[in-house]
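Subject: Structure handover

Dear colleague,

Here is the structure I said I would pass on. My notes come after it.

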Amino acid sequence: MGREVKDVTKHPFLKPSVMSFKATFDAAWQEDTKELGRAWSPYLEDEINRFNHIHRSPEDLAAKVKLLRKLSHKTGACFQRCVGWDSLNTLHIVTTLMAKKGKTEPRERFVEYLKYVQKNDLALAGAMTDAKGVRNLKPSQQPNKNAYLRITEVTKDGIYVSGAKANITGVAATEEMVVLPTRAMGPEDKDYAVAFAIPTDTEGVKIVVGRQLNDARRMEEGEIDGLPYFYNHEGLVIFDNVFVPMNRVFLAGEWEYTGTLVEIFSAYHRQGYGGCKAGLGDVIIGASADLAKQIGVEKASHVQDKLTEMIFLTETMYSAGIAASLNAVKMCDNCWWVNPMHANVTKHLVARFPSQIAQLSIDLAGGIVGTAPSEWDLKNPKLKEYISRYLQGAEDFTAEDRLRMVRLVENVSMGVAFQIESVHGAGSPAAQRIMFSRLYDLNFAQEVAKSLAGRKSSVKFTPKAEPWRESQSETEAKEA
Ligand code: SF4
Ligand code: FE
(Lines give C-alpha, C1' and ligand atoms only; values in the text may rest on other atoms or scores of the structure.)
(Ligands and ions follow the chains in the order given, each with its own letter.)
Protein backbone atom coordinates (compact mmCIF):
# COMPACT_ATOMS: atom_id res chain seq x y z
CA MET A 1 0.00 0.00 0.00
CA GLY A 2 2.79 2.39 -0.99
CA ARG A 3 4.84 1.98 2.16
CA GLU A 4 7.97 0.05 3.04
CA VAL A 5 7.55 -2.75 5.59
CA LYS A 6 10.32 -2.84 8.17
CA ASP A 7 9.23 -5.94 10.08
CA VAL A 8 6.85 -8.46 8.51
CA THR A 9 6.21 -10.16 11.85
CA LYS A 10 4.72 -6.97 13.31
CA HIS A 11 3.03 -5.25 10.38
CA PRO A 12 -0.76 -5.77 10.67
CA PHE A 13 -1.06 -6.43 6.94
CA LEU A 14 1.43 -9.31 6.99
CA LYS A 15 1.21 -10.61 10.55
CA PRO A 16 -1.78 -12.88 9.75
CA SER A 17 0.30 -14.48 7.04
CA VAL A 18 3.21 -14.99 9.44
CA MET A 19 0.77 -16.60 11.90
CA SER A 20 -0.33 -19.06 9.23
CA PHE A 21 3.32 -19.96 8.63
CA LYS A 22 3.67 -20.43 12.37
CA ALA A 23 1.14 -23.27 12.18
CA THR A 24 3.61 -25.19 9.99
CA PHE A 25 6.28 -25.00 12.71
CA ASP A 26 3.83 -25.77 15.51
CA ALA A 27 2.64 -28.86 13.61
CA ALA A 28 5.90 -30.64 14.48
CA TRP A 29 5.28 -30.12 18.20
CA GLN A 30 1.54 -30.24 18.83
CA GLU A 31 0.07 -33.52 20.05
CA ASP A 32 -2.56 -33.87 17.34
CA THR A 33 -0.20 -33.19 14.45
CA LYS A 34 3.31 -34.12 15.49
CA GLU A 35 3.23 -37.60 14.02
CA LEU A 36 2.38 -36.14 10.62
CA GLY A 37 4.42 -32.99 11.18
CA ARG A 38 7.77 -34.79 11.57
CA ALA A 39 9.76 -37.04 9.28
CA TRP A 40 13.08 -38.88 9.31
CA SER A 41 15.83 -37.34 7.23
CA PRO A 42 18.57 -39.69 5.99
CA TYR A 43 20.62 -36.57 5.20
CA LEU A 44 20.80 -35.47 8.83
CA GLU A 45 20.02 -38.86 10.36
CA ASP A 46 17.56 -37.04 12.53
CA GLU A 47 13.92 -36.03 12.77
CA ILE A 48 12.98 -32.89 10.86
CA ASN A 49 9.92 -30.81 10.12
CA ARG A 50 8.02 -32.62 7.36
CA PHE A 51 7.76 -29.33 5.42
CA ASN A 52 11.42 -29.81 4.41
CA HIS A 53 11.28 -33.56 3.84
CA ILE A 54 12.11 -35.46 0.66
CA HIS A 55 9.30 -37.98 0.17
CA ARG A 56 10.67 -41.50 0.56
CA SER A 57 7.49 -43.53 0.01
CA PRO A 58 3.90 -43.28 -1.21
CA GLU A 59 2.91 -43.14 2.47
CA ASP A 60 5.08 -40.04 2.90
CA LEU A 61 3.13 -38.41 0.08
CA ALA A 62 -0.18 -39.37 1.68
CA ALA A 63 1.09 -37.94 4.99
CA LYS A 64 1.62 -34.62 3.19
CA VAL A 65 -2.03 -34.52 2.06
CA LYS A 66 -3.27 -35.49 5.54
CA LEU A 67 -1.06 -32.88 7.20
CA LEU A 68 -2.26 -30.12 4.87
CA ARG A 69 -5.89 -30.97 5.59
CA LYS A 70 -5.26 -30.73 9.34
CA LEU A 71 -3.37 -27.46 9.03
CA SER A 72 -6.23 -25.85 7.12
CA HIS A 73 -8.34 -26.58 10.21
CA LYS A 74 -5.91 -24.54 12.29
CA THR A 75 -5.49 -21.60 9.93
CA GLY A 76 -8.57 -21.39 7.70
CA ALA A 77 -6.09 -20.11 5.14
CA CYS A 78 -3.26 -21.14 2.85
CA PHE A 79 -0.25 -21.61 5.12
CA GLN A 80 2.13 -20.92 2.24
CA ARG A 81 4.99 -23.26 3.01
CA CYS A 82 4.21 -26.11 0.60
CA VAL A 83 5.49 -24.38 -2.54
CA GLY A 84 9.02 -24.31 -1.11
CA TRP A 85 8.62 -27.93 -0.01
CA ASP A 86 7.52 -29.00 -3.49
CA SER A 87 10.44 -27.05 -4.97
CA LEU A 88 12.89 -29.02 -2.81
CA ASN A 89 11.41 -32.34 -3.91
CA THR A 90 11.45 -31.21 -7.54
CA LEU A 91 15.10 -30.15 -7.43
CA HIS A 92 15.98 -33.39 -5.69
CA ILE A 93 14.60 -35.39 -8.64
CA VAL A 94 15.89 -33.08 -11.38
CA THR A 95 19.44 -32.84 -10.01
CA THR A 96 19.44 -36.65 -9.57
CA LEU A 97 18.47 -37.03 -13.25
CA MET A 98 21.27 -34.63 -14.16
CA ALA A 99 23.77 -36.59 -12.07
CA LYS A 100 22.71 -39.81 -13.83
CA LYS A 101 23.69 -38.13 -17.10
CA GLY A 102 27.12 -37.20 -15.72
CA LYS A 103 26.44 -33.64 -14.50
CA THR A 104 27.03 -34.14 -10.80
CA GLU A 105 27.72 -30.66 -9.32
CA PRO A 106 24.08 -29.48 -9.21
CA ARG A 107 23.13 -32.49 -7.11
CA GLU A 108 26.09 -32.02 -4.76
CA ARG A 109 25.16 -28.34 -4.29
CA PHE A 110 21.51 -29.24 -3.81
CA VAL A 111 22.19 -31.86 -1.13
CA GLU A 112 24.33 -29.35 0.82
CA TYR A 113 21.52 -26.80 0.54
CA LEU A 114 18.89 -29.36 1.58
CA LYS A 115 20.86 -30.23 4.72
CA TYR A 116 21.15 -26.53 5.60
CA VAL A 117 17.39 -26.05 5.16
CA GLN A 118 16.48 -29.18 7.13
CA LYS A 119 18.91 -28.45 9.95
CA ASN A 120 17.67 -24.87 10.44
CA ASP A 121 13.98 -25.68 9.78
CA LEU A 122 13.78 -22.84 7.25
CA ALA A 123 10.53 -21.67 5.70
CA LEU A 124 11.00 -21.45 1.94
CA ALA A 125 9.06 -19.75 -0.80
CA GLY A 126 8.89 -21.41 -4.19
CA ALA A 127 9.24 -18.74 -6.87
CA MET A 128 8.24 -20.11 -10.24
CA THR A 129 5.73 -18.02 -12.22
CA ASP A 130 7.45 -15.36 -14.33
CA ALA A 131 5.92 -12.05 -15.41
CA LYS A 132 5.61 -13.79 -18.86
CA GLY A 133 4.98 -10.69 -21.01
CA VAL A 134 3.41 -11.69 -24.34
CA ARG A 135 2.09 -15.18 -23.72
CA ASN A 136 2.52 -16.56 -27.24
CA LEU A 137 6.20 -15.62 -27.39
CA LYS A 138 9.04 -17.65 -25.93
CA PRO A 139 11.31 -16.07 -23.33
CA SER A 140 14.02 -15.23 -25.87
CA GLN A 141 11.47 -13.68 -28.28
CA GLN A 142 9.93 -11.26 -25.75
CA PRO A 143 10.17 -7.51 -26.45
CA ASN A 144 10.94 -7.10 -22.72
CA LYS A 145 14.10 -9.22 -22.31
CA ASN A 146 13.33 -9.61 -18.60
CA ALA A 147 9.73 -10.83 -19.04
CA TYR A 148 11.18 -14.13 -17.84
CA LEU A 149 13.88 -14.17 -15.18
CA ARG A 150 17.25 -14.52 -16.89
CA ILE A 151 20.95 -14.87 -16.30
CA THR A 152 22.65 -11.61 -17.28
CA GLU A 153 26.20 -12.51 -16.32
CA VAL A 154 28.19 -15.56 -15.25
CA THR A 155 31.36 -15.15 -13.20
CA LYS A 156 33.59 -17.78 -11.61
CA ASP A 157 31.85 -17.13 -8.27
CA GLY A 158 28.25 -17.18 -9.38
CA ILE A 159 25.56 -15.72 -11.62
CA TYR A 160 23.66 -12.43 -11.87
CA VAL A 161 19.92 -12.55 -12.60
CA SER A 162 17.29 -9.96 -13.52
CA GLY A 163 13.54 -10.21 -14.04
CA ALA A 164 10.54 -10.91 -11.81
CA LYS A 165 8.48 -13.74 -10.39
CA ALA A 166 4.76 -13.08 -9.92
CA ASN A 167 2.06 -14.32 -7.51
CA ILE A 168 4.62 -15.78 -5.12
CA THR A 169 2.82 -17.24 -2.13
CA GLY A 170 3.96 -16.19 1.33
CA VAL A 171 7.27 -14.83 0.04
CA ALA A 172 7.63 -11.78 2.28
CA ALA A 173 7.44 -14.01 5.36
CA THR A 174 10.01 -16.59 4.25
CA GLU A 175 13.67 -16.94 5.13
CA GLU A 176 14.79 -18.17 1.71
CA MET A 177 13.31 -18.59 -1.72
CA VAL A 178 13.86 -21.37 -4.21
CA VAL A 179 13.61 -20.06 -7.75
CA LEU A 180 12.58 -22.35 -10.61
CA PRO A 181 11.86 -21.87 -14.33
CA THR A 182 8.17 -21.62 -15.18
CA ARG A 183 7.99 -23.37 -18.57
CA ALA A 184 9.67 -25.80 -20.95
CA MET A 185 12.39 -24.07 -22.91
CA GLY A 186 14.46 -24.67 -26.02
CA PRO A 187 18.18 -24.06 -26.66
CA GLU A 188 17.56 -20.44 -27.70
CA ASP A 189 16.12 -19.79 -24.20
CA LYS A 190 19.08 -21.16 -22.27
CA ASP A 191 19.75 -17.87 -20.42
CA TYR A 192 16.28 -18.28 -18.93
CA ALA A 193 16.82 -21.87 -17.80
CA VAL A 194 17.81 -20.98 -14.26
CA ALA A 195 17.13 -22.48 -10.82
CA PHE A 196 18.71 -21.38 -7.53
CA ALA A 197 18.08 -20.58 -3.87
CA ILE A 198 18.85 -17.32 -2.04
CA PRO A 199 17.93 -15.65 1.24
CA THR A 200 14.77 -13.61 0.68
CA ASP A 201 16.49 -10.41 1.84
CA THR A 202 19.33 -10.69 -0.70
CA GLU A 203 20.46 -7.34 -2.09
CA GLY A 204 18.54 -6.40 -5.24
CA VAL A 205 15.38 -8.35 -4.31
CA LYS A 206 12.21 -6.29 -3.88
CA ILE A 207 8.83 -7.74 -2.93
CA VAL A 208 5.58 -5.95 -3.77
CA VAL A 209 2.79 -7.49 -1.68
CA GLY A 210 -0.54 -7.85 -3.50
CA ARG A 211 -3.97 -6.79 -2.24
CA GLN A 212 -6.83 -9.12 -1.38
CA LEU A 213 -10.55 -8.73 -0.82
CA ASN A 214 -11.29 -7.17 2.60
CA ASP A 215 -7.56 -6.85 3.35
CA ALA A 216 -7.91 -3.43 5.04
CA ARG A 217 -9.89 -5.16 7.82
CA ARG A 218 -6.56 -6.52 9.05
CA MET A 219 -5.52 -2.98 9.91
CA GLU A 220 -8.59 -2.46 12.13
CA GLU A 221 -7.22 -4.63 14.93
CA GLY A 222 -10.63 -6.19 15.45
CA GLU A 223 -11.14 -9.76 16.61
CA ILE A 224 -14.14 -10.78 14.52
CA ASP A 225 -14.38 -8.91 11.22
CA GLY A 226 -10.82 -9.42 10.03
CA LEU A 227 -10.14 -12.88 11.50
CA PRO A 228 -6.73 -11.42 12.35
CA TYR A 229 -4.64 -14.57 12.15
CA PHE A 230 -5.99 -16.22 9.03
CA TYR A 231 -4.54 -15.01 5.78
CA ASN A 232 -1.93 -15.71 3.20
CA HIS A 233 -0.28 -13.18 0.95
CA GLU A 234 1.25 -13.20 -2.50
CA GLY A 235 4.00 -10.98 -3.82
CA LEU A 236 5.58 -9.75 -7.03
CA VAL A 237 9.28 -10.48 -6.54
CA ILE A 238 11.61 -8.22 -8.48
CA PHE A 239 15.21 -9.30 -9.09
CA ASP A 240 17.28 -6.24 -9.90
CA ASN A 241 20.69 -7.61 -10.92
CA VAL A 242 20.80 -10.09 -8.05
CA PHE A 243 23.97 -12.09 -7.40
CA VAL A 244 23.59 -15.81 -6.68
CA PRO A 245 26.71 -17.62 -5.41
CA MET A 246 27.61 -20.71 -7.43
CA ASN A 247 26.99 -23.11 -4.52
CA ARG A 248 23.32 -22.07 -4.69
CA VAL A 249 22.90 -22.51 -8.46
CA PHE A 250 21.13 -25.70 -9.55
CA LEU A 251 20.32 -24.95 -13.18
CA ALA A 252 22.13 -22.42 -15.35
CA GLY A 253 21.51 -22.92 -19.04
CA GLU A 254 20.45 -26.62 -18.99
CA TRP A 255 17.26 -25.89 -20.94
CA GLU A 256 16.72 -29.59 -21.66
CA TYR A 257 15.62 -30.20 -18.04
CA THR A 258 13.11 -27.34 -17.85
CA GLY A 259 10.09 -29.25 -19.21
CA THR A 260 10.68 -32.16 -16.83
CA LEU A 261 11.20 -29.77 -13.91
CA VAL A 262 7.93 -27.92 -14.54
CA GLU A 263 5.98 -31.15 -14.91
CA ILE A 264 7.40 -32.60 -11.70
CA PHE A 265 6.83 -29.45 -9.66
CA SER A 266 3.31 -28.78 -10.88
CA ALA A 267 2.17 -32.34 -10.18
CA TYR A 268 3.59 -32.17 -6.63
CA HIS A 269 1.73 -28.95 -5.91
CA ARG A 270 -1.47 -30.10 -7.58
CA GLN A 271 -1.51 -33.19 -5.34
CA GLY A 272 -1.21 -31.00 -2.21
CA TYR A 273 -4.39 -29.09 -3.01
CA GLY A 274 -6.38 -32.25 -2.28
CA GLY A 275 -5.34 -31.77 1.35
CA CYS A 276 -5.41 -28.05 2.04
CA LYS A 277 -8.56 -27.26 0.06
CA ALA A 278 -10.42 -30.24 1.58
CA GLY A 279 -9.42 -28.84 4.98
CA LEU A 280 -10.93 -25.47 4.07
CA GLY A 281 -14.01 -27.38 2.89
CA ASP A 282 -14.29 -28.86 6.41
CA VAL A 283 -14.12 -25.38 7.95
CA ILE A 284 -16.93 -24.14 5.70
CA ILE A 285 -19.07 -27.24 6.21
CA GLY A 286 -18.69 -26.86 9.98
CA ALA A 287 -19.53 -23.16 9.90
CA SER A 288 -22.56 -23.77 7.66
CA ALA A 289 -23.90 -26.56 9.89
CA ASP A 290 -23.44 -24.38 12.98
CA LEU A 291 -25.18 -21.42 11.37
CA ALA A 292 -28.10 -23.66 10.41
CA LYS A 293 -28.38 -24.68 14.08
CA GLN A 294 -28.18 -21.06 15.19
CA ILE A 295 -31.37 -20.25 13.30
CA GLY A 296 -33.11 -23.58 13.90
CA VAL A 297 -33.09 -25.02 10.36
CA GLU A 298 -30.54 -27.79 10.86
CA LYS A 299 -33.12 -30.56 10.39
CA ALA A 300 -34.69 -29.16 7.20
CA SER A 301 -34.20 -31.64 4.35
CA HIS A 302 -32.81 -29.07 1.91
CA VAL A 303 -30.24 -28.02 4.54
CA GLN A 304 -29.19 -31.62 5.08
CA ASP A 305 -29.00 -32.12 1.35
CA LYS A 306 -26.75 -29.09 0.84
CA LEU A 307 -24.44 -30.16 3.64
CA THR A 308 -24.27 -33.64 2.11
CA GLU A 309 -23.30 -32.15 -1.25
CA MET A 310 -20.56 -30.10 0.42
CA ILE A 311 -19.24 -33.24 2.11
CA PHE A 312 -19.21 -35.07 -1.22
CA LEU A 313 -17.30 -32.24 -2.94
CA THR A 314 -14.78 -31.96 -0.11
CA GLU A 315 -14.13 -35.69 0.22
CA THR A 316 -13.78 -36.05 -3.56
CA MET A 317 -10.92 -33.51 -3.60
CA TYR A 318 -9.25 -35.31 -0.70
CA SER A 319 -9.70 -38.78 -2.23
CA ALA A 320 -8.01 -37.61 -5.42
CA GLY A 321 -5.07 -36.22 -3.43
CA ILE A 322 -4.70 -39.54 -1.60
CA ALA A 323 -4.91 -41.48 -4.87
CA ALA A 324 -2.19 -39.25 -6.36
CA SER A 325 -0.06 -40.12 -3.34
CA LEU A 326 -0.59 -43.85 -3.01
CA ASN A 327 -0.24 -44.44 -6.78
CA ALA A 328 3.09 -42.63 -6.66
CA VAL A 329 5.99 -43.03 -9.08
CA LYS A 330 9.41 -44.09 -7.82
CA MET A 331 11.99 -41.75 -9.36
CA CYS A 332 15.20 -42.82 -7.61
CA ASP A 333 16.34 -44.72 -4.50
CA ASN A 334 14.09 -43.46 -1.73
CA CYS A 335 12.55 -40.68 -3.75
CA TRP A 336 8.98 -40.68 -4.92
CA TRP A 337 6.96 -38.45 -7.20
CA VAL A 338 3.17 -38.28 -7.14
CA ASN A 339 1.05 -39.99 -9.77
CA PRO A 340 0.93 -37.22 -12.37
CA MET A 341 -2.49 -38.10 -13.80
CA HIS A 342 -4.16 -38.25 -10.40
CA ALA A 343 -2.39 -35.11 -9.22
CA ASN A 344 -3.69 -33.21 -12.24
CA VAL A 345 -7.19 -34.60 -11.65
CA THR A 346 -6.95 -33.44 -8.01
CA LYS A 347 -6.14 -29.89 -9.01
CA HIS A 348 -8.82 -29.85 -11.70
CA LEU A 349 -11.43 -30.86 -9.12
CA VAL A 350 -10.08 -28.12 -6.86
CA ALA A 351 -10.45 -25.59 -9.68
CA ARG A 352 -14.18 -26.41 -9.79
CA PHE A 353 -15.46 -27.58 -6.42
CA PRO A 354 -14.60 -24.71 -4.02
CA SER A 355 -16.84 -22.31 -5.92
CA GLN A 356 -19.67 -24.85 -5.59
CA ILE A 357 -18.96 -25.28 -1.88
CA ALA A 358 -18.88 -21.49 -1.43
CA GLN A 359 -22.18 -21.11 -3.25
CA LEU A 360 -23.82 -23.68 -0.98
CA SER A 361 -22.35 -22.00 2.11
CA ILE A 362 -23.81 -18.63 1.03
CA ASP A 363 -27.13 -20.33 0.41
CA LEU A 364 -27.09 -21.85 3.91
CA ALA A 365 -25.74 -18.79 5.74
CA GLY A 366 -28.47 -16.53 4.35
CA GLY A 367 -28.27 -12.94 3.14
CA ILE A 368 -26.61 -11.91 6.39
CA VAL A 369 -23.30 -13.14 4.97
CA GLY A 370 -23.36 -10.06 2.74
CA THR A 371 -25.06 -7.60 5.09
CA ALA A 372 -23.96 -8.31 8.69
CA PRO A 373 -23.11 -5.26 10.81
CA SER A 374 -19.50 -4.74 11.83
CA GLU A 375 -18.09 -5.92 15.12
CA TRP A 376 -17.63 -2.24 16.01
CA ASP A 377 -21.42 -1.75 15.89
CA LEU A 378 -21.93 -4.83 18.01
CA LYS A 379 -19.49 -3.33 20.53
CA ASN A 380 -21.05 0.14 20.41
CA PRO A 381 -22.89 0.69 23.76
CA LYS A 382 -25.72 2.51 21.98
CA LEU A 383 -26.35 -0.32 19.53
CA LYS A 384 -25.17 -3.44 21.33
CA GLU A 385 -28.49 -4.27 22.94
CA TYR A 386 -30.46 -3.89 19.72
CA ILE A 387 -28.05 -5.81 17.57
CA SER A 388 -27.81 -8.57 20.16
CA ARG A 389 -31.57 -8.89 20.16
CA TYR A 390 -32.11 -8.83 16.41
CA LEU A 391 -29.16 -10.89 15.26
CA GLN A 392 -29.89 -13.71 17.66
CA GLY A 393 -31.71 -16.80 16.39
CA ALA A 394 -32.06 -19.88 18.62
CA GLU A 395 -31.81 -19.17 22.34
CA ASP A 396 -28.64 -21.18 22.88
CA PHE A 397 -26.65 -18.81 20.70
CA THR A 398 -25.72 -15.14 20.95
CA ALA A 399 -25.56 -12.46 18.28
CA GLU A 400 -21.78 -12.57 18.61
CA ASP A 401 -21.82 -16.34 17.91
CA ARG A 402 -23.70 -15.63 14.71
CA LEU A 403 -21.49 -12.75 13.63
CA ARG A 404 -18.33 -14.78 14.23
CA MET A 405 -19.60 -17.70 12.12
CA VAL A 406 -20.90 -15.43 9.35
CA ARG A 407 -17.49 -13.76 9.13
CA LEU A 408 -15.79 -17.15 9.01
CA VAL A 409 -17.97 -18.21 6.07
CA GLU A 410 -17.37 -14.87 4.36
CA ASN A 411 -13.60 -14.85 4.86
CA VAL A 412 -12.84 -18.48 4.13
CA SER A 413 -15.33 -19.40 1.42
CA MET A 414 -14.83 -16.20 -0.57
CA GLY A 415 -11.17 -15.57 0.25
CA VAL A 416 -8.23 -15.78 -2.12
CA ALA A 417 -7.05 -19.15 -0.78
CA PHE A 418 -10.34 -20.94 -1.50
CA GLN A 419 -11.46 -19.17 -4.65
CA ILE A 420 -8.71 -17.61 -6.74
CA GLU A 421 -5.84 -19.82 -5.64
CA SER A 422 -8.03 -22.89 -6.17
CA VAL A 423 -8.45 -21.91 -9.82
CA HIS A 424 -5.01 -20.57 -10.70
CA GLY A 425 -2.61 -21.85 -8.02
CA ALA A 426 -0.27 -24.63 -9.24
CA GLY A 427 -1.35 -23.83 -12.80
CA SER A 428 -4.62 -22.70 -14.34
CA PRO A 429 -7.27 -25.31 -15.36
CA ALA A 430 -6.17 -25.36 -19.01
CA ALA A 431 -2.74 -26.61 -17.93
CA GLN A 432 -4.31 -29.66 -16.27
CA ARG A 433 -6.36 -30.43 -19.37
CA ILE A 434 -3.20 -30.40 -21.49
CA MET A 435 -1.70 -32.90 -19.05
CA PHE A 436 -4.78 -35.18 -19.22
CA SER A 437 -4.40 -35.55 -22.96
CA ARG A 438 -0.63 -36.02 -22.71
CA LEU A 439 -0.86 -38.63 -19.97
CA TYR A 440 -3.98 -40.55 -20.96
CA ASP A 441 -3.43 -43.34 -23.45
CA LEU A 442 -6.31 -42.87 -25.88
CA ASN A 443 -4.96 -45.48 -28.30
CA PHE A 444 -4.78 -48.03 -25.54
CA ALA A 445 -8.38 -47.28 -24.51
CA GLN A 446 -9.51 -47.75 -28.10
CA GLU A 447 -7.75 -51.09 -28.25
CA VAL A 448 -9.51 -52.16 -25.05
CA ALA A 449 -12.86 -51.16 -26.55
CA LYS A 450 -12.12 -52.86 -29.88
CA SER A 451 -11.16 -56.04 -28.12
CA LEU A 452 -14.37 -56.11 -26.08
CA ALA A 453 -16.47 -55.30 -29.15
CA GLY A 454 -14.90 -58.23 -30.98
CA ARG A 455 -13.15 -56.04 -33.56
CA LYS A 456 -9.78 -57.04 -34.95
CA SER A 457 -7.04 -55.09 -33.27
CA SER A 458 -4.32 -53.45 -35.36
CA VAL A 459 -2.36 -51.89 -32.51
CA LYS A 460 -0.72 -53.90 -29.75
CA PHE A 461 -1.78 -53.49 -26.13
CA THR A 462 1.22 -51.32 -25.29
CA PRO A 463 0.60 -48.66 -22.72
CA LYS A 464 2.07 -45.26 -23.53
CA ALA A 465 5.67 -44.69 -22.46
CA GLU A 466 5.95 -42.65 -19.28
CA PRO A 467 7.16 -39.28 -20.51
CA TRP A 468 8.58 -38.22 -17.16
CA ARG A 469 11.20 -40.96 -17.04
CA GLU A 470 13.65 -39.19 -19.36
CA SER A 471 14.47 -35.53 -19.63
CA GLN A 472 12.88 -34.18 -22.75
CA SER A 473 14.47 -34.11 -26.18
CA GLU A 474 15.02 -30.92 -28.11
CA THR A 475 12.04 -31.65 -30.34
CA GLU A 476 9.74 -32.19 -27.39
CA ALA A 477 10.90 -28.93 -25.85
CA LYS A 478 10.12 -27.11 -29.08
CA GLU A 479 6.66 -28.66 -29.22
CA ALA A 480 6.09 -27.68 -25.60
FE1 SF4 B 1 0.08 -25.25 0.76
FE2 SF4 B 1 -2.37 -25.34 -0.21
FE3 SF4 B 1 -1.23 -22.99 0.23
FE4 SF4 B 1 -0.36 -24.48 -1.80
S5 SF4 B 1 -2.41 -23.57 -1.59
S6 SF4 B 1 0.93 -23.43 -0.26
S7 SF4 B 1 -0.65 -26.56 -0.96
S8 SF4 B 1 -1.76 -24.51 1.79
FE1 FE C 1 -0.84 -22.59 -3.90
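This is a predicted model: local features need pLDDT of at least 70, side-chain atom pairs count only at pLDDT 80 or more; totals for chains, interfaces and linings use all residues.

Residues are numbered from 1 along each chain as its sequence is written, and side-chain values use heavy atoms, with hydrogens and water left out.

Cysteines. The structure holds one disulfide (a pair of cysteine sulfur atoms within 2.5 Å). Cys-332 and Cys-335 form it, with 2.2 Å between their sulfur atoms. The S-S torsion of Cys-332 and Cys-335 is about 130 degrees, so the disulfide is right-handed. Cys-332 is buried at 11% relative accessible area, and Cys-335 is buried at 1% (buried means under 20% relative accessible area, with a 1.4 Å probe and protein chains only). Cys-82 also counts as buried, at 9%, as does Cys-276, at 11%.

Helix pair. Helices here are DSSP runs (H or I, at least four residues), numbered from the N terminus. The axes of α8 (residues 340-365) and α14 (residues 429-439) come within 9 Å and cross at roughly 150 degrees; axes are lines fitted to C-alpha atoms over the stretch in contact, and angles run from 0 to 180 degrees between N-to-C directions. α8 and α14 are therefore roughly antiparallel (angles over 145 degrees). On the α8 side, the contact (heavy atoms within 4.5 Å) includes Pro-340, Met-341 and His-348, and on the α14 side it includes Gln-432, Phe-436 and Leu-439.

Regards

Terms used: Chains are lettered from A and ligands numbered from 1 in the order in which they are written. Helices (H or I, at least four residues) and strands (E, at least two) are DSSP runs, numbered from the N terminus. Angles under 35 degrees count as roughly parallel, over 145 as roughly antiparallel, 65 to 115 as roughly perpendicular and the rest as oblique. Buried means under 20% relative accessible area, exposed over 50%, partly exposed in between (1.4 Å probe, protein chains only).
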